Amino acid sequence: MSDATVDEGPVGDGTRAVRAGLPEPVKHEPTLPGPVFAAHFHLPGEVTGPYSYGRDDNPTWTLLENAIGELEAPGRPDVETLVFASGMAAISAVLFSQLRAGDAVVLPSDGYQALPLVRAQLEAYGVEVRTAPTGGDAQLEALEGARLLWIESPSNPGLDVCDIRRLAVAAHAQGTLVAVDNTLATPLGQRPLALGADFAVASGTKQLTGHGDVLLGYVAGRDAEAMAAVRRWRKIVGAIPGPMEAWLAHRSIATIQLRVDRQNATALTVAEALRQRPEVMDLRYPGLPDDPAHTIASRQMRRYGCVVSFTLPTRARAERFLAALRLVEDATSFGGVRSTAERRGRWGGDAVPEGFVRMSVGAEDPEDLVADILRALDESAE
């Protein structure tokens with residue numbers, strides 16, 4: 001897929017990904033400079049310039065932040081991006097920098113399983129927390145008077161989708177800020193800022209970096225004052241990525257279009273194969289034409305993601321299925337080049353049946369992956 005910016009003509013996702021955030025070329029210097037390991041920088045006299053202390057800024061972060069910004073908001077120099085030590089660090093930075101005692105926030109009731117922990121902490125600080133499901137734009141019913149609306153679309157792990165633009169319009173009409181967790185979609189799947197959100201937030205641990213070897217998060221925002229508060233929160237709590245992690249993330253972004261296209265296409269193939277199995281219930285993948293989320297997802301998403309969810313009849317059946325898989329690792333997280341799956345209920349915090357399986361489709365050959373899944377379903381039958 002491609003789109004255009006005013007000054008550079010058509011630029012496809014692959015072209016943008018491999019060049020995102022690169023500095024101006026300098027003879028005999030690497031195209032992507034290595035990580036800068038520095039707790040402090042030479043700083044004689046007055047404090048001027050971009051780099052003074054390692055908790056505040058780092059040249060390796062800067063290149064990565066530029067790269068992510070180019071993916072989340074191409075052609076938008078007014079958008080600022082900040083990287084964090086993890087996705088939860090990024091989520092926390094937005095919530096705790098924007099909310100005060102007496103404020104109200106609307107969270108998804110079917111979102112990431114760490115959100116109940118966040119809710120408890122917000123309530124301890126005197127913030128009113130309201131929740132509503134993602135599907136059916138149900139968060140609109142809880143929006144009145146809220147300071148911040150937190151959207152997760154597609155939701156994790158249930159894969160429901162809401163109309164981000166509709167919710168953003170309603171929120172802004174009453175002065176409510178809007179943040180969208182874009183982890184599952186990635187910037188190649190949807191661009192929340194273009195849909196009206198004030199913040200795009202994500203765990204870069206997942207498909208953005210795609211190799212299961214980096215913990216990272218980021219926040220991209222278009223309001224300078226709001227982003228200054230996010231930056232200040234990062235400085236206060238020190239939720240910063242290491243330079244090596246930032247460099248690895250930037251290197252990995254170069255292949256995101258290749259990975260995402262392969263994984264998304266295979267995810268659809270896997271979903272279509274699972275749809276033929278009578279023991280598979282409540283199959284969800286937004287790319288399936290008959291999925292409840294497909295109509296809205298098709299309007300606002302450019303790609304549907306690499307995660308497929310479904311339910312097997314019992315906990316025991318799900319555990320036998322996972323144990324029988326050979327090409328799919330029984331592991332948490334998603335978005336990596338190696339397929340993973342897990343019985344999500346083992347963690348608690350998600351309102352899912354005991355046999356619910358979240359599967360992250362990797363970059364294996366689709367025919368091999370489908371054959372492994374179907375064989376595991378056969379072998380796990382009682």
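The model is predicted, with local features needing pLDDT of at least 70 and side-chain atom pairs counting only at pLDDT 80 or more, while totals for chains, interfaces and linings use all residues. Residues are numbered from 1 along each chain as its sequence is written, and side-chain values use heavy atoms, leaving out hydrogens and water.

Let's start with the sheet. Seven strands line up as β3-β9-β8-β7-β6-β4-β5 in an open sheet with mixed pairing (strands are DSSP runs of E, at least two residues, helices are runs of H or I, at least four, both numbered from the N terminus; strands pair if DSSP finds at least two bridges between them). At the edges sit β3 (80–84) and β5 (128–132), each pairing on one side only. The twist averages 20° from one strand to the next.

Now for β8 (residues 199–203): five of its five residues are buried, meaning under 20% relative accessible area with a 1.4 Å probe, protein chains only. F199, V201 and S203 are on one side, A200 and A202 on the other. Its neighbours are these:

| Partner of β8 | Bridges | Direction |
|---|---|---|
| β7 (residues 177–181) | Three bridges | parallel |
| β9 (residues 217–221) | Five bridges | antiparallel |

A179 stands opposite F199, A200 faces A220 in β9, and S203 is opposite G217.

Notes:
Buried < 20%, exposed > 50% of the residue type's maximum accessible area, 1.4 Å probe, protein only. Axes fitted to C-alpha atoms, helices over the stretch in contact; angles between N-to-C directions.
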